[in-house]
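Subject: Structure handover

Hello,

Here is the structure I promised to pass on. My notes follow below it.

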Amino acid sequence: MLVVGSGISGLLHIQLARVLGASLVVAADLNHGRLEEARKFGAHEVVHAGVDVPGIFRDRNGGRPADIVILTTGSEKAIAQAFRSVDRGVDLLPGELSFEEATFVEPLACVYRRNEITLTSSYAANYYEHSTAMELIRQRKVNVSDMVTHRLPLSETAKGFRLVESAGESLKVIIEP
């Protein structure tokens, strides 16, 4: 499995893949700090997204593309890498994307007819899936506590927003009254 984007959503998917027994989980991101977090939360390999992610994934996976690609960022380059990384007839999950800004530049024939890629939105979760996720968190099989990188008082709310916007040293910022 390849996870493109190592923010909160990406890290949750990395952990879930490990819980479910994925034999190879590779995380790609432009932010070196986020790649270290991906490794900490269970990625077998991390790849800087500025390089040939599909090629590196294939190298790590015995020449095969990914069975599942989780896309958690909406940059055009990330979207293209995700589509070029997924194997024929399998799933690509566009997760926490801002669909108003995301641009898809691959020919539709490449996606549907030739490669039979299935696009499944992560917003399609049902009650059972939400319950399962909450149970994995309750059992501490998925670690959400260590994703909180900052706890700030209400008086520093603006700082919290700047931390989240910069995506530098923060994953999850909690504002406490």
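Helices (H or I, at least four residues) and strands (E, at least two) are DSSP runs, numbered from the N terminus. On that basis, the chain has seven helices and eight strands.

This is a predicted model: local features need pLDDT of at least 70, side-chain atom pairs count only at pLDDT 80 or more, and totals for chains, interfaces and linings use all residues. Residues are numbered from 1 along each chain as its sequence is written, and side-chain values use heavy atoms, with hydrogens and water left out.

Overall figures

Of the 177 residues in the chain, 40% are buried (under 20% relative accessible area; exposed is over 50%, partly exposed in between; 1.4 Å probe, protein chains only). Take the contacts (heavy atoms within 4.5 Å) with a separation of 6 or more: residues 24 or more positions apart account for 54% of them.

Strand β1 (residues 2–4) runs parallel to β2, joined by three bridges. Pairing requires at least two DSSP bridges between two strands. Val4 stands opposite Ala28 in β2. From β1 the chain crosses through helix α1 (residues 8–19) to β2, a right-handed β-α-β crossover. Right-handed here means that, with the strands pointing away from the viewer, the path from the first strand over the helix to the second runs clockwise.

β2 also pairs with strand β3 (residues 45–48), in the parallel sense, over four bridges. Ala27 stands opposite Val46 in β3. The link from β2 to β3 goes through helix α2 (residues 32–40), and this β-α-β crossover is right-handed.

In a regular strand the side chains alternate between the two faces of the sheet. Strand β2 (residues 26–29) is covered on both faces. Val26 and Ala28 are buried on one side, Ala27 and Asp29 on the other.

Helices α3 and α4

Helix α3 (residues 53–60) packs on helix α4 (residues 76–85) at about 35°, with the axes 8 Å apart. Axes are lines fitted to C-alpha atoms, for helices over the stretch in contact; angles run from 0 to 180 degrees between N-to-C directions. Val53, Pro54 and Arg58 of α3 meet Gln81, Arg84 and Ser85 of α4.

Arg140

Which residue other than glycine has a positive phi near 60°? It is Arg140, in the loop between α6 (127–138) and β7 (148–153). Arg140 counts as exposed because its relative accessibility is 75%. Most residues other than glycine have a negative phi.

Best wishes
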